Amino acid sequence: MSAVRRPLLERREKWRTPGYLVSAFGNGRVMFAALKWPTRRYSSLMPSPVPFTDLQGPRDFWRLVQLLFVYIEKQQIEPNPLLDELDGVRRGAQGSFQTACLTLAVGIESIAGLLLQDEVSSLISRPSIQPLLEHLDSWQGDVALKDRAKGALSRLADIGAADLMYAWVKKTGTNRELVDAWKKLRHPKAHGKRLTEDSGWALYCSAVELLHRMIAYAVGYDGAILRTSQPGWGLHQSRT
């Protein structure tokens with residue numbers, strides 16, 4: 001269960017309250033253990049996917065986890081690419097702020113391709129640009145320019161993560177600014193630039209909310225999501 005729980009719920013506290021641990025195995029065996037001492041929690045920058053302002057918070061969290069398990073089980077893919085991406089985001093969140101921003105930005109790009117691939121189709125088919133590519137192959141001009149032109153033409157038929165997410169926010173009414181914030185986070189990190197914590201932290205938190213909302217949408221969760229894109233969310237957790 002920890003493979004799913006950690007990427008979904010990583011908070012900055014170092015310890016958690018003693019309680020009970022239940023582990024379910026594929027053969028139907030269940031292990032139940034009562035913990036009598038504080039258990040170490042992974043240090044992470046990632047906030048919770050749901051608000052814990054009342055008793056509904058834990059219920060929402062475990063319902064989201066359950067739906068994620070059901071979604072993954074239906075895929076019947078081993079190893080599961082979604083879990084791999086979430087684990088990468090979680091591990092990155094345990095590192096430096098710069099590493100956390102990079103792994104989150106790149107992880108969202110991959111996860112959007114996994115979860116939102118049916119949201120939009122390309123307006124330009126690859127066969128339609130093939131004659132242009134063949135024409136460039138026969139062109140006797142500068143080789144570097146030819147390669148860049150072929151690359152630009154090939155990308156016309158590709159659907160980027162931003163295209164998928166913008167189509168998704170339009171369809172669902174999700175705040176478009178979440179995708180805008182992800183783009184502002186991704187661009188500098190993809191080009192090796194550093195972000196200041198003053199400006200980068202708000203982008204990071206907005207991207208975290210985007211990630212949680214994409215997962216909630218894909219697995220069919222319709223409960224509250226912690227609105228980490230809002231200033232002061234850590235002081236006043238809000239419900240949607």
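**Note on helix packing and selected residues in a predicted model**

1. The axes of helix α4 (residues 97–115) and helix α8 (residues 176–190) come within 9 Å of each other and cross at roughly 115°. The model is a predicted one, and the remarks below should be read with that in mind. Angles of 65 to 115 degrees count as roughly perpendicular, and α4 and α8 are therefore described as roughly perpendicular to each other. The crossing in which α4 passes α8 is left-handed.

2. Which residues make the contact between α4 and α8? On the α4 side they are Q98, C101, L102, L104, A105, I108 and E109, and on the α8 side they are W182, L185, R186 and K189. Sorted by class, this contact holds seven nonpolar residues, one polar residue and three charged residues.

3. Helix α4 also packs against α9, at an angle of about 25° and with the two axes 10 Å apart. Angles under 35 degrees count as roughly parallel, and so α4 and α9 are roughly parallel to each other. The crossing of α4 and α9 is left-handed.

4. The contact of α4 with α9 involves F97, A100, C101, L104, I108, I111, A112 and L115 from α4. From α9 it involves E197, G200, W201, Y204, A207, V208, L210, L211, M214, I215 and A218. By class, 17 of these residues are nonpolar, one is polar and one is charged.

5. The crossing of α7 and α8 is right-handed. The contact is made by A161, A162, M165, Y166 and V169 of α7 together with R176, V179, D180, W182 and K183 of α8. Its classes are seven nonpolar, no polar and three charged residues.

6. A218 lies in helix α9. Is A218 buried, partly exposed or exposed? Its relative accessibility is 21%, so A218 counts as partly exposed. Leaving aside neighbours within four places in sequence, A218 is in contact with Y71 and L115. A218 and Y71 are 147 residues apart in sequence, while their C-alpha atoms are 8.1 Å apart in space.

7. T228 is found in the segment that follows α9 (197–219). With a relative accessibility of 3%, T228 counts as buried, because the cut-off for buried is under 20%. What does the side chain of T228 reach at 2.7 Å? It is the backbone oxygen of C205. Not counting residues up to four places away in sequence, T228 touches P47, C205, S206, V208, E209 and W233.

8. Q76 has a positive phi of about 50°, although it is not a glycine. At 70% relative accessibility, Q76 counts as exposed, because the cut-off for exposed is over 50%.

9. To place these points in the whole protein, the reader may begin with its elements. The protein has nine helices and four strands. From the N terminus on, the order of the elements is α-β-β-β-β-α-α-α-α-α-α-α-α. Of the 240 residues in the protein, 38% are buried. Among contacts with a separation of 6 or more, 67% are accounted for by residues 24 or more positions apart.

Conventions: Residues numbered from 1 in each chain as written. Predicted model: local features only at pLDDT ≥ 70, side-chain atom pairs only at ≥ 80, totals over all residues. Heavy atoms only, no water. Axes fitted to C-alpha atoms, helices over the stretch in contact; angles between N-to-C directions. Helix = DSSP H or I, 4+ residues; strand = E, 2+ residues; numbered from the N terminus. Parallel < 35°, antiparallel > 145°, perpendicular 65-115°, else oblique. Left-handed = near helix turned anticlockwise from the far one by under 90°. Contact = heavy atoms within 4.5 Å. Nonpolar A, V, L, I, M, F, W, Y, C, P; charged D, E, K, R; others polar. Buried < 20%, exposed > 50% of the residue type's maximum accessible area, 1.4 Å probe, protein only. Polar contact = N/O pair within 3.5 Å; in protein donor to acceptor, adjacent residues only side chain to side chain.
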